[in-house]
Amino acid sequence: EIGRLIAESDCILVTGGCGGIPYEATISAKRHNGFTVGVSPATNIQEHKEKFGFPTEDFDMLLFTGFGKKGRNVVSVLTCDAAIFISGGSGTLNEFTIAYDEGKLCGVLLGTGGVTDVVEELEKNVLGGRKKVGTVIYESKPEKLMEKIMEVLHKR
């Protein structure tokens, strides 16, 4: 659903070029005539497929960073105007802290499990004691989340 909403909002979908939820969003964005970019941790397409086991289809562009998974996260997050977080594990947490510290607009889809179940508490209890630089929007409905993100982006 997020991939469709991003495509319908005339936004570019940027992911880590991996499988799972990011790839499902990529497939959906392509089905709805969106433009998709995968930021790969690999140095080339062979390593992208063989070492990381990542897909190559449905990306309009694959950027090969050679920086590994965590290094790739910095590149992908910094290229975006907003970052959307759905479920996730340590990589998603890494992306969230990068986005937050870099002052990015962060959209958290609540009720999807993983990191998104604890990020509000993290922001309040850990990041809240520091100077707030990121903007975080919490929403449980994809349409409402995208609507709120677009509203903030249009004001910037």
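This dialogue works through how to read several features of the structure above.

User: What kind of model is this, and how are residues numbered?
Analyst: This is a predicted model, in which local features need pLDDT of at least 70 and side-chain atom pairs count only at pLDDT 80 or more, while totals for chains, interfaces and linings use all residues. Residues are numbered from 1 along each chain as its sequence is written, and side-chain values use heavy atoms, with hydrogens and water left out.

User: How many helices and strands does the chain have, and what pattern do they follow?
Analyst: Helices (H or I, at least four residues) and strands (E, at least two) are DSSP runs, numbered from the N terminus. The chain has seven helices and six strands. Along the sequence they follow the pattern α-β-α-β-α-β-α-β-α-β-α-β-α.

User: What does the radius of gyration say about the chain?
Analyst: The radius of gyration is taken over C-alpha atoms, and the globule rule is 2.2 Å times the number of residues to the power 0.38. For 156 residues, a compact globule would have a radius of gyration near 15 Å, and the chain agrees because its value is 15 Å. The C-alpha trace spans about 45 × 30 × 30 Å along its principal axes.

User: How much of the chain is buried?
Analyst: Buried means under 20% relative accessible area, exposed over 50%, and partly exposed in between (1.4 Å probe, protein chains only). Of the 156 residues, 43% count as buried. Accessible areas come from the Shrake-Rupley method with a 1.4 Å probe; for residues, only the protein chains shown count as cover. The chain exposes about 8100 Å², and carbon and sulfur atoms supply 51% of this area.

User: What share of the contacts links residues 24 or more positions apart?
Analyst: Contact means heavy atoms within 4.5 Å. Among contacts in the chain with a separation of 6 or more, 60% are between residues 24 or more positions apart.

User: How do I read strand pairing, and which way do S1 and S2 run?
Analyst: Two strands pair if DSSP finds at least two bridges between them. Strand S1 (residues 12–15) and S2 run parallel and are joined by four bridges. Val14 has Val37 in S2 as its bridge partner, and Thr15 stands opposite Gly38 in S2.

User: Which residues of S1 are on the covered face?
Analyst: In a regular strand the side chains alternate between the two faces of the sheet. In S1, Leu13 and Thr15 form the covered face, whereas Ile12 and Val14 form the uncovered one. Strand S2 (residues 35–40) is mostly covered, with five of its six residues buried.

User: What are the phi values of Asn33 and Ser87?
Analyst: Asn33 has a positive phi of about 60 degrees although it is not a glycine. The phi of Ser87, also a residue other than glycine, is positive and near 55 degrees. Asn33 is in the loop between helix H2 (20–31) and S2, and Ser87 is in the loop between strand S4 (82–86) and helix H5 (90–101).

User: Is each of these two buried or exposed?
Analyst: Asn33 counts as exposed because its relative accessibility is 73%. Ser87 counts as buried because its relative accessibility is 16%.
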